[in-house]
Amino acid sequence: MIAFEMSNQTDVTEFIFLGFSNHPSLQGMFFLIFLLIYLTTLLGNIFIITATRVSPALHTPMYYFLSNLSFLDICYSSTTVPVMLVNFFREKKTISYEGCLSQIFFLVTCAGTEGVLLAAMAYDRYVAICQPLQYPVLMSVKVCVCLVSGSWLCGLVNSMAHTVLAATLTLCGPNHISHYLCDIPLLLALSCSDTSLNEAVLHVASITIGLSPWLFTTVSYILIISAILRIPSAQGRNKAFSTCASHLTVVVVFFGTANVNYGKPSAGYSLDMDILVSVLFCVITPMFNPVIYSLRNKEVKGALRKLAGGCVFPGHTKV
């Protein structure tokens with residue numbers, strides 16, 4: 001850091017992460033755990049993407065959304081975990097100012113996009129169960145592409161606004177971040193300039209990008225469940241519910257962990273607890289999504305088995 005004369009302000013060129021600093025003797029174990037989680041996340045989501053591309057049975061809107069969700073989870077996990085893994089081997093766990101802003105941009109983009117994309121997937125399940133005769137029209141290829149593009153656009157616009165505002169902040173020392181990643185609230189805590197505009201935009205975004213998709217998804221599933229309960233046969237009800245069980249599980253995990261991560265009180269949390277909650281949201285959730293779909297979805301399990309068989313026995317076709 002380069003100090004300005006006649007001023008207590010500093011020109012911050014890098015940040016020092018304090019995350020996991022309370023347990024220096026466990027750095028090697030942490031590295032192995034998070035490396036395993038990251039590799040599982042990459043492998044699981046890559047398998048999902050590949051399976052939805054090569055299996056004709058998965059060429060439907062639901063699995064088109066799922067493949068985009070898997071790509072998003074790869075980006076989400078790759079935003080924070082590689083930097084964290086490298087820092088486990090560094091005595092001084094740092095990130096440049098530009099790197100911090102870049103991490104905020106991609107982290108906020110992925111989180112916002114995933115929330116909106118999950119709402120789009122809820123709409124797909126609503127149309128499939130509540131309006132099945134209109135499904136080919138309401139969920140055409142054009143509509144699906146627009147929903148996915150709109151999800152990314154919402155995430156990008158939201159992230160761009162936060163990143164640009166964060167870049168205008170005047171930051172004061174010390175340059176320590178009590179975490180293992182860069183996030184908007186953490187940067188606001190280091191600022192010695194007026195943050196009222198940043199906080200206002202943050203509140204607006206939490207409603208439009210955070211709360212609105214959750215409310216839309218909740219209402220969709222209320223209508224879906226009410227429609228399922230009106231199906232006369234138990235077999236029909238089970239079949240209808242099985243088509244949305246995986247997505248509903250992913251929704252509960254994502255919005256539940258997001259609420260704990262961003263809705264926790266600003267005071268009263270230890271560094272270790274803060275790190276644990278963030279790891280659950282930013283690292284564990286992207287790994288869970290392909291696992292949930294693989295365990296609860298027969299079509300995905302079948303496609304993954306065929307894909308795994310093709311990898312082990314290339315050119316072999318089971319008769």
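Student: Which residues is Ser-191 in contact with, leaving aside its neighbours within four places in sequence?
Tutor: In this predicted model, Ser-191 makes those contacts with Leu-169, Thr-170 and Leu-171.

Student: And where is Ser-191 found?
Tutor: Ser-191 sits in the loop between helix 6 (184-189) and helix 7 (196-229).

Student: Buried or exposed, that Ser-191?
Tutor: Buried: the relative accessible area of Ser-191 is 17%, and the cut-off for buried is under 20%.

Student: OK, zooming out. How many helices and strands does the protein chain have?
Tutor: There are 10 helices and 5 strands in the protein chain. Of its 319 residues, 45% are buried. If you take contacts between residues at least 6 apart in sequence, 78% of them join residues at least 24 apart.

Student: What is the strand order in the open sheet of 3 strands?
Tutor: The order is 4-3-5, and the pairing is mixed. Strand 4 (94-96) and strand 5 (176-177) are the edge strands, each pairing on one side only.

Student: Which way do the pairs run, parallel or antiparallel?
Tutor: One of each. Strand 3 (residues 14-17) and strand 5 run parallel and are joined by 2 bridges. Strand 3 and strand 4 run antiparallel, with 3 bridges between them.

Student: What is the bridge partner of Phe-17 in strand 5?
Tutor: That is Ile-177. On the strand 4 side, Phe-15 stands opposite Ile-95.

Student: Which strands does helix 3 touch where it packs on the sheet?
Tutor: Helix 3 touches strand 3, strand 4 and strand 5, and its direction makes about 85° with that of strand 4.

Student: Changing topic: how many aromatic pairs does a search of the whole structure find?
Tutor: The search finds 10. One of them is Tyr-76 with Phe-281: the ring centres are 6.0 Å apart and the planes are at 80°, so this pair is edge-to-face.

Student: What parts does that pair tie together?
Tutor: Tyr-76 lies in helix 2 (residues 61-87) and Phe-281 in helix 9 (residues 271-296), so the pair ties together parts 205 residues apart in sequence.

Student: Are those two buried or exposed?
Tutor: Tyr-76 is buried, at 1% relative accessible area, and Phe-281 counts as buried at 1% too. Ring pairs also link Tyr-76 and Phe-281 with Phe-254 and Phe-255 into a cluster.

Student: Now the nonpolar core. Which residues of the largest one touch the most other members?
Tutor: Phe-20, Phe-34 and Tyr-180 do, in a core of 52 residues. The helices that each supply at least two residues include helix 1 (27-54), helix 5 (141-167), helix 8 (234-263) and helix 10 (298-312). Helix 2 gives the largest share, 11 residues.

Student: What does Phe-20 touch, not counting residues up to four places away in sequence?
Tutor: Phe-20 touches Gln-27, Phe-30, Phe-34, Met-84, Phe-88, Tyr-180, Ile-275 and Val-279. There is also a second, separate core of 18 residues, and Phe-15, Ala-166, Leu-169 and Ile-184 are among its members.

Student: Last thing, confidence. Where is it lowest and where is it highest?
Tutor: The lowest mean is 39, in strand 1 (residues 2-3), and the highest is 94, in helix 5. The protein chain averages a pLDDT of 83, with 87% of the residues scoring at least 70.

Student: Which stretches have pLDDT below 50 or under 50?
Tutor: Residues 1-10 are one such stretch, with 16 contacts in the model beyond near neighbours in sequence. Residues 315-319 are another, with 0 contacts beyond four places in sequence. Where pLDDT is low, the predicted coordinates should not be read in detail.

Terms used:
Residues numbered from 1 in each chain as written. Predicted model: local features only at pLDDT ≥ 70, side-chain atom pairs only at ≥ 80, totals over all residues. Heavy atoms only, no water. Pairing = 2+ DSSP bridges. Helix = DSSP H or I, 4+ residues; strand = E, 2+ residues; numbered from the N terminus. Contact = heavy atoms within 4.5 Å. Axes fitted to C-alpha atoms, helices over the stretch in contact; angles between N-to-C directions. Phe/Tyr/Trp six-rings, centres within 6.5 Å; stacked < 30°, edge-to-face > 60°. Buried < 20%, exposed > 50% of the residue type's maximum accessible area, 1.4 Å probe, protein only. Core = buried A, V, L, I, M, F, W, Y, C linked by side-chain atoms within 4.5 Å. pLDDT = per-residue confidence, 0-100.
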